Amino acid sequence: MRKRVKKTAPKVSVSKSKAAKSRPSKTKVSSLKSLVHFDAQTFLDTVGVGRFIGRYKLGEVVFLQGDPADAVFYVQKGKVQITVVSKQGKEGVVAVLGAGEFFGEGCLAGQPLHISTAAVTAESSIIRIEKQTMIKVLREEPTLSQMFMTFLLSRNVQVEADLIDHLFNSSEKRLARILLLLANMGTEGRMETIPSVNQEILAARVGTTRSRINFFMNKFRKLGFIDYNGAGTMKVHTSLLNVIVHD
């Protein structure tokens, strides 16, 4: 009677060098991670899935009051004016935004329609980010979430300051404050030259008449607080602060 011979699988020896090759090195892993590193500013400056860049000329509308609110917008370059029109037809300027600021963010809080109109007041480049894309990135990317949160907090501070300004300050002081803001007073200690601003727009934002704006602008110019030149630009001097700090 023959005995069965138990067959065993041949042992395969793998050298340490080959085993090491089969596993990705720490250097390779770190380089792979760097390839997928998220950069918030690059995201806001380029097109991609769910985001598009629009080029706007002076006076063009980004969206109208009552349009579907289905995207968040980011100003890459230029100026955007946010206005609201009442049922009686009275128009008010809510904000004037510049490069690096968001608008239309109400859709993230469930706002179905835009409650204001956004139009550019200078040649502008604006990126449109679809609502779902923005929500996804805010959830997954802390860098953009932090950037967006900083913007929202700054906007909230600005809104509170505007409300206090309207409640307690005169039209003259409100105009002086707006001109200083337009010139980016306090940004790195310098003042920017700005385009000559339409007085009707200033009147709507200050909450007074165009004739009053014209009176105050002439007064500021005579006192040397602001300068006009032939190029259609305006220079605001820090001395305009005297209007705000003194009665």
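User: Why is Asp70 called partly exposed?

Analyst: Asp70 has a relative accessibility of 33%, and buried means under 20% relative accessible area, exposed over 50% and partly exposed in between (1.4 Å probe, protein chains only), so Asp70 counts as partly exposed. This is a predicted model, in which local features need pLDDT of at least 70 and side-chain atom pairs count only at pLDDT 80 or more, while totals for chains, interfaces and linings use all residues. Residues are numbered from 1 along each chain as its sequence is written, and side-chain values use heavy atoms, with hydrogens and water left out.

User: What makes Asp70 and Arg128 a salt bridge?

Analyst: The closest N and O atoms of Asp70 and Arg128 are 2.7 Å apart, and a salt bridge needs a side-chain nitrogen of Lys or Arg within 4 Å of a carboxyl oxygen of Asp or Glu, so the pair is a salt bridge. Arg128, at 25% relative accessibility, also counts as partly exposed.

User: How do you know that Arg177 forms a salt bridge with Asp162, and why are Arg177 and Asp162 called buried?

Analyst: Their closest N and O atoms are 2.7 Å apart, which is within the 4 Å of the definition. Arg177 lies in helix 6 (residues 171-182) and Asp162 in helix 5, so the pair ties together parts 15 residues apart in sequence; helices here are DSSP runs (H or I, at least four residues), numbered from the N terminus. Arg177 has 16% relative accessibility and therefore counts as buried, and Asp162, with a relative accessible area of 18%, is buried as well.

Conventions. Helices (H or I, at least four residues) and strands (E, at least two) are DSSP runs, numbered from the N terminus.
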